[in-house]
Amino acid sequence: MNYYLLVGLQLALQSFLPPFLVEAFNQTTSIDSVQVPSYDVVIVGAGWCGMAAARTLEASGITNYKILEASDRIGGRTQTVYEEIDGEIVALDMGTQWMSGGADQNPLYEFAVAANVSFVVDKYKTNVYQSNNTGLIPGADDDGLDEVFDKYWYYYRNYRRKRRSNGRKDQPLAIVLRKFRATLTDFNERLMFNYIVKAWIGEIEYAAGSEDLSLYTFDEDWRLDDSNLTDSGFWLKDWSAVVNTYAEPIQNKIQTGAVVTQIKYRKASEFARVYYTNDDGEKEKIRAKKVLVTVSLGVLQKKMITFKPPIKKKQKIINRIGMGTGNHMWMFFDEAFWPENDLKSIFGDGEDRDNFAAYYNNLAEHGLYNKPGLMVPHMGQDAQDAEQRFRDSGDEDAYKEEVKELCMGPLRNMFGEDIPDPKYVFVSSWMTNPYTHGIFSFNKVKQKRNDKQNLRVPINNRLYFRGEHTSDAHYGWVHGAYWEGVAVAEEMAGELLE
Ligand SMILES: Cc1cc2nc3c(=O)[nH]c(=O)nc-3n(C[C@H](O)[C@H](O)[C@H](O)COP(=O)(O)OP(=O)(O)OC[C@H]3O[C@@H](n4cnc5c(N)ncnc54)[C@H](O)[C@@H]3O)c2cc1C
């Protein structure tokens, strides 16, 4: 409708309509609302947090909401790719793989059952190899590793307690790790500890090096975990099927290919404005009483969305929290050359610390895939550099070749130069992906104790930030993202329904 015609109509109506009808007219046909679709809530991002928020709003009776999702699919960092391997289409999870906790603990369990996906009940079990094809580290079975870990844990807890009670500042976890390593006189114990640092404490568990992890808070995910989710769990195949099952009731509210670029949220205005580019490259604008931003911490750190006015205090918090780096690499072989037939095994090269990697054979060889293959969580600077080269060149084959070589190096060291190359290689690229910029968050040294709590406080009750990174106890996990979505939607619904 023509702007001047609309204003004229409004003025004319106001002169003879009763006030309550003028009010109703203004709500539905004011100039802004004619041109700009209005919602109670706009959710930015259709990962687990955004989807859980949407379903919770629905359950509270709030149906006037919309989800804007930048990529052409939903699920965010939960992504399955379907690849042909020896004539068979195989589901490979490039993000989330492990469902923590038992059936009664993980809130997504029921949706995995409804999606009819395959599970393998598992616990981490470890074989750790020496270098130069000389077999396992003597004593490095689960009991041996637990023993070394318990010694470390005792040392670490004392160190941390003393430092805290003396009022000393946080410091990188690396310092206590170095101090403890120096107390180990047994060579094999030192090798086992190398493995523990890499696989249980640092890069593989938290996607971060120990120089970045906080001495005081790095392990809050399981210290604050009152639901005991971290002790056990399931390996799952085809997480995207779980996503699609969960999203079914809200599918029609999701717009994919909608890249949000700016959010304006002036205090004086009743609505925030959300600007985005749709999948035809056109710019669009919508408005909402509340905007929930669920994009990853990495996306926020890279300032991929601009806010007006700027979110200065929140941005400082966002920059203080850590965002982890790494990728998943799947390799399938004609035959298994590793001796483990046991379902529960992880193995790495324990001696060569820099070239240390962990390989999961349990998914590929048994139960879920029935094919000889290894999944490698490929972390650290090498992974980051290789991905950046891929992003610069766009050459996917060269990227796969480079990552394959990086992942095969320690294997050749463990099992000899003659082991075969993989027949199929698939690798993710989460660090340079503009919609993720990293894999999951961690508690970084010098992060403040109340940072997450403050990040969760909405601005003007209009702009909300949530995602796995705002969870105190379950950051880095799908259930963390899910529970953050549920909590914030309950908060928003409470206010909207007041
Ligand atoms: C390799 C890897 C392995 C993992 N393994 C496990 C595991 O085994 N178990 C487990 O529980 N968890 C695991 N996680 C963590 C888990 O996947 C995440 O914690 C969780 O998926 C995060 O959900 P979220 O909703 O907070 O964020 P996201 O999933 O990142 O959702 C945010 C959404 O926002 C969208 N978005 C970004 N920018 C914009 C924009 N400008 N406009 C609109 N939309 C935008 C994104 O595309 C995305 O869909 C893993 C993650 C990775 C990457």
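A: Met 414 sits in helix H16, which covers residues 396-415. The model is a predicted one. Met 414 counts as buried because 28 other C-beta atoms lie within 10 Å, and the cut-off for buried is 20 or more. Along the chain, Met 414 and Asn 133 are 281 residues apart, yet their C-alpha atoms are 4.6 Å apart in space. Across the protein, 74% of the contacts between residues at least 6 apart in sequence join residues at least 24 apart. Of the 498 residues, 44% count as buried, and the secondary structure comes to 18 helices and 21 strands.

The C-alpha atom of Ile 137 is separated by 7.7 Å from that of Leu 191, although the two residues are 54 apart along the chain.

The axes of helix H6 (residues 142-165) and helix H8 (residues 187-201) come within 10 Å and cross at roughly 80°. H6 is therefore roughly perpendicular to H8, as angles of 65 to 115 degrees are classed that way. On the H6 side the residues that meet H8 are Gly 144, Leu 145, Val 148, Phe 149 and Tyr 152. On the H8 side they are Glu 189, Met 192, Phe 193, Ile 196 and Trp 200. By class, this contact of H6 with H8 is made of eight nonpolar residues, one polar and one charged.

Thr 325 is a buried residue in a loop. The loop in question runs between strand S14 (322-323) and strand S15 (326-332). Thr 325 counts as buried because 24 C-beta neighbours lie inside 10 Å. Thr 325 and Ile 439 are 114 residues apart in sequence and 5.5 Å apart in space, C-alpha to C-alpha. Leaving aside neighbours within four places in sequence, the contacts of Thr 325 are Ala 207, Met 379, Ala 383, Gln 384, Met 431, Gly 438 and Ile 439.

Met 431, one of those contacts of Thr 325, also has a C-alpha atom 9.9 Å from that of Arg 391, from which it is 40 residues apart in sequence. Arg 391 belongs to helix H15 (residues 381-393).

Next come the backbone exceptions. Most residues other than glycine have a negative phi, and most peptide bonds are trans. Asp 86 is not a glycine and has a positive phi, near 50°. Asp 86 lies in the loop between strand S3 (80-85) and strand S4 (88-93). With 10 other C-beta atoms within 10 Å, Asp 86 is exposed. Asn 461 also has a positive phi, of about 50°, without being a glycine. The place of Asn 461 is the loop between helix H17 (451-456) and strand S21 (463-465), and with 13 other C-beta atoms within 10 Å it is partly exposed. The peptide bond from Lys 308 to Pro 309 is cis, with omega near -5°. Pro 309 is in the loop between strand S13 (306-308) and helix H13 (312-320).

The ligand has a shell of 40 residues, and those that come nearest are Gly 45, Gly 47, Gly 76, Gly 467 and Ala 481. The elements that give two or more residues to this shell are helix H4 (48-59), strand S5 (98-100), strand S10 (259-264) and helix H18 (478-496). By class, the shell divides into 20 nonpolar, 17 polar and three charged residues.

Last, the confidence. The mean pLDDT is 88, and 88% of the residues reach 70 or more. Residues 1-31 have a pLDDT below 50, and beyond near neighbours in sequence this stretch has eleven contacts in the model. Where pLDDT is low, the predicted coordinates should not be read in detail.

Key:
Residues numbered from 1 in each chain as written. Predicted model: local features only at pLDDT ≥ 70, side-chain atom pairs only at ≥ 80, totals over all residues. Near = placed C-beta within 6 Å. Helix = DSSP H or I, 4+ residues; strand = E, 2+ residues; numbered from the N terminus. Nonpolar A, V, L, I, M, F, W, Y, C, P; charged D, E, K, R; others polar. Axes fitted to C-alpha atoms, helices over the stretch in contact; angles between N-to-C directions. Parallel < 35°, antiparallel > 145°, perpendicular 65-115°, else oblique. Contact = placed C-beta atoms within 7 Å. pLDDT = per-residue confidence, 0-100. Buried ≥ 20, exposed ≤ 12 C-beta atoms within 10 Å, placed from the backbone.
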